[in-house]
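We'll hop from one spot to the next.

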Amino acid sequence: MSFQSLGLSEALLKAVSKKGYKTPSPIQQKAIPPVLEGKDVLASAQTGTGKTAGFTLPLLHILSENPKQKFRPIRALILTPTRELAAQVYANVREYSEFLNLRSAVIFGGVNQKPQAATIRQGVDILVATPGRLLDLQSQGLLSLKRIEIFVLDEADRMLDMGFLRDIQKVINSMPDKRQNLMFSATFSKDIKKLAHGILNHPVQVEATPENTTVEAITQKVYRVAKGKKTGLIIKLISEGNWKQVLVFTRTKHGANRLCEKMVKSGITAAAIHGNKSQGARTKALSGFKSGRVRVLVATDIAARGLDIPLLPHVINFELPNISEDYVHRIGRTGRAGANGQAISLVSADETSFLRNIEKLIGEKIEVEIVEGFEPDPNASTEPIKPGQNRQPRNKSRNSNSNNSGGNRNSRSRSNKNNSRRRNDRRN
Ligand code: AMP
């Protein structure tokens, strides 16, 4: 299938070809036609599938077909959970609309609101926003959603995880009832289905390739290692492998900072990205990483959400996530667009049950390797760290350090899964 056959305008096809895209990704093939027909769409897709173009291209097509309105009221709203995602979606909107007479803007918190308000005052057709700043500006009378024609809720599951449900409802209440709605989510919990039911009108449901097939495209490996030797091992792997662009996940903000410092000390350029970093610091870290100035980006799960880093060759789990689905999200950042990726996990004894749960989820056993000098501690307990056991992991390992900040849970019942996720997010 080609982009031409999807019925997109010449101006959009030109922008797509300028981006170097040859064929539409599966989610684009499935989502673009119903959106162009004006239908509501519920899409199951995560970052890396090309979902942004999946909703942006038809949205731009529709807006550019209808006559421009004199004062340029906001006609399309794209709501995203994080600032980073908002910035990336906006960058995509800008690129795809290069040859169209449409104006767009992005607003998010953590930065001065004045320039954002000034841009909106001049008139924008498409607004990309995070919920907090959007409601802030709206309550000050600096923007109106009364003329919205298309509403996109991106990463709806993350929105709920981050506690944005009430904000989303407020946003919806301030838009006209007659509008087209598009909702994207990587997962479909009961809460998401309920939200979709409240927002969407007879939606067409589309799905990108199931998450598990993403895993098949990626080479996965586990290094069993003593907890206290993880830092040494990760530095060895990155240095000796001469890896140039590595995304490393840690469970906690402090863990990210500590690891980053140690990498820098050993001569590897690294930057940390997490919730305690200012917007400026996050943007700088990400742009340094993308440009190749920074070899290693150390991130917590939530900070990494929605990061647009194409063709990432290496992802390392410095610690395994306690929620198995997060493993799939993390490693989904490698091996994009057909390129080969490598996902490595450093696993200490107390993460054994996390590993088992992950293997159960992905339906395969991950190859295990042990590096000489970085062997696992045979005396370490395999009992997972429990909440409140932060500083002193209960094992006899001489090598164990205090890298864990607790809150990790191994087995969760379905009912406490969401709470557990929320706790995690707050920590990040
Ligand atoms: P997304 O899932 O929207 O975050 O997109 C993931 C990455 O895939 C981004 O770097 C896009 O620029 C890229 N991408 C999107 N659509 C295509 C396509 N049809 N062909 C190749 N790359 C694409």
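Start by selecting Phe 3, Tyr 21 and Tyr 96: ring pairs link these three into a cluster. Rings of Phe, Tyr and Trp (its six-membered ring) count as a pair if their centres lie within 6.5 Å; planes under 30 degrees apart are called stacked, over 60 edge-to-face, and the rest tilted. Searching the whole structure turns up three aromatic pairs.

Before going on, some housekeeping. This is a predicted model, where local features need pLDDT of at least 70 and side-chain atom pairs count only at pLDDT 80 or more, while totals for chains, interfaces and linings use all residues. Numbering starts from 1 along each chain as its sequence is written, and side-chain values use heavy atoms, with hydrogens and water left out.

Next, show Lys 14 and Phe 99. The charged end of Lys 14 sits over the ring of Phe 99, 4.2 Å from its centre. The wording "over a ring" asks for NZ of Lys or CZ of Arg within 6 Å of the ring centre and within 35 degrees of the ring normal. Then jump to Lys 230, whose charged end sits over the ring of Phe 318, 5.7 Å from the centre.

Now switch to cartoon. Helices (H or I, at least four residues) and strands (E, at least two) are DSSP runs, numbered from the N terminus, and two strands pair if DSSP finds at least two bridges between them.

Colour the open sheet that runs S3-S4-S2-S5-S6-S1-S7: it has seven strands, and the pairing is parallel. Its edges are S3 (104-107) and S7 (204-207), each pairing on one side only. From one strand to the next, the twist averages 15°. For axes and angles, lines are fitted to C-alpha atoms (for helices, over the stretch in contact), and angles run from 0 to 180 degrees between N-to-C directions.

Inside that sheet, zoom to S5 (residues 150-153) and S6 (residues 180-185), a parallel pair with four bridges. Leu 153 faces Met 183 of S6 there.

From S2 (76-79), follow the loop towards H4 and pick Pro 81, which is found in that loop. Is Pro 81 buried or exposed? Its relative accessible area is 4%, so Pro 81 is buried; the cut-offs are under 20% for buried, over 50% for exposed and partly exposed in between (1.4 Å probe, protein chains only).

For another helix pair, select H11 (residues 230-241) and H12 (residues 253-265). Their axes come within 11 Å and cross at roughly 50°, which makes H11 oblique to H12. This crossing is right-handed too: that is how H11 passes H12.

Time for the other sheet. It is open, has seven strands in the order S10-S11-S9-S12-S13-S8-S14, and the pairing is parallel. S10 (270-273) and S14 (367-369) are the edge strands, each pairing on one side only. Neighbouring strands here are turned by 25° against each other on average, direction ignored.

Select S12 (residues 314-317) and look at both faces. His 314 and Ile 316 on one side, and Val 315 and Asn 317 on the other, are all buried. Four bridges join S12 to S9 (residues 246-249) in parallel, with Phe 249 partnering Asn 317. Four bridges also link S12 to S13 (residues 341-347), again parallel; here Ile 316 partners Ile 344 and Asn 317 partners Ser 345.

Move across to S13. Six of its seven residues are buried, so S13 is largely enclosed by the rest of the structure. Seven bridges tie S13 to S8 (residues 218-224), running parallel, and Thr 219 stands opposite Gln 342.

Last stop: H15 (residues 324-331), mostly covered, with eight of its eight residues buried. Among them are Glu 325, Asp 326, His 329 and Arg 330.

Technical notes. Angles under 35 degrees count as roughly parallel, over 145 as roughly antiparallel, 65 to 115 as roughly perpendicular and the rest as oblique. A crossing is left-handed if the near helix is turned anticlockwise from the far one by less than a right angle, and right-handed if clockwise.
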